[in-house]
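Let us walk through this structure by looking at how side chains pair up. Keep the sequence at hand as you read.

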Amino acid sequence: MLSKHLASVLAVLALASSYSQAALIDAPLPGNAYIVHNGLKWAWASPLPAVSGWGEDYDLDLSYQGQFGWRLPTAAELALAPTAQQFLFRGANVPLNDADPVSGAYFTNVDESLTGAAACAAPYFTKALANCDWLDGAGQPGGAWAGQLGSSDVADQLVVQAVPEPETYALMGLGVVGLIASRRRRRTR
């Protein structure tokens, strides 16, 4: 049993080293790499603050994801930020003690409170990092998220995206119904 666990840990470390220099992933963030909390989508975007001081490759990069509305949270939003445990859910992109097979995202500095799959989106927001640091999540021994009072220079960075209002979906639905109706009229003529 121990050798099986050791083999899986070594596999994760090998994946981690192969992804540590990987380029930023230019693809929309998949739904299993973020959570919805307090009316916003929240992504665990980096094991470092937005501007880490470690160089451009380690800083948060919103050049691609920004076009989809991902941005840094405001101080008021951060005051209501989710905890690390809220990123745990069945079907999240990072399986327990493994790496995301699509992006290579993985968790470091884990403890017994990481009990299942969890969402980490770091490869979509940085050029040189594919990990999220479990112990630096809010409510963990490492302290607050980057930008919150009490955060340190190694606090993990969250990003947010607005969740469309129900009225937006209603308008989109009306538009689709209108398109279908206009196509049917053209076919019957």
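A disulfide is a pair of cysteine sulfur atoms within 2.5 Å. This model is a predicted one, and a search of the whole structure finds 1 disulfide.

Which cysteines form the disulfide? They are C120 and C132, with sulfur atoms 2.1 Å apart. Find C120 in the loop between β3 and β4, and C132 in strand β4. The two are 12 residues apart, and the pair links distant parts of the chain. Now look at the S-S bond of C120 and C132. The torsion about it is about 85°, so the disulfide is right-handed. Are these cysteines buried or exposed? Both C120 and C132 are buried.

Turn next to the rings. Across the whole structure, a search finds 10 aromatic pairs. One of them joins Y64 and F68. Their centres are 5.4 Å apart, and 65° separates the planes. Planes over 60 degrees apart count as edge-to-face, and this pair of Y64 and F68 is edge-to-face. F68 has 35% relative accessibility, so F68 counts as partly exposed.

W70 and F125 make another pair. Their ring centres lie 6.1 Å apart with the planes at 80°, so this pair is edge-to-face. Where do the two residues sit? W70 is in the loop between β2 (40-46) and α2 (75-79). F125 is in the loop between β3 (106-108) and β4 (131-133). The pair therefore ties together parts that are 55 residues apart in sequence. Both W70 and F125 are buried.

Finally, look for a cluster. Ring pairs link its members: W44, F87, F107, W134 and W145.

Definitions and conventions
Residues numbered from 1 in each chain as written. Predicted model: local features only at pLDDT ≥ 70, side-chain atom pairs only at ≥ 80, totals over all residues. Heavy atoms only, no water. Phe/Tyr/Trp six-rings, centres within 6.5 Å; stacked < 30°, edge-to-face > 60°. Buried < 20%, exposed > 50% of the residue type's maximum accessible area, 1.4 Å probe, protein only. Helix = DSSP H or I, 4+ residues; strand = E, 2+ residues; numbered from the N terminus.
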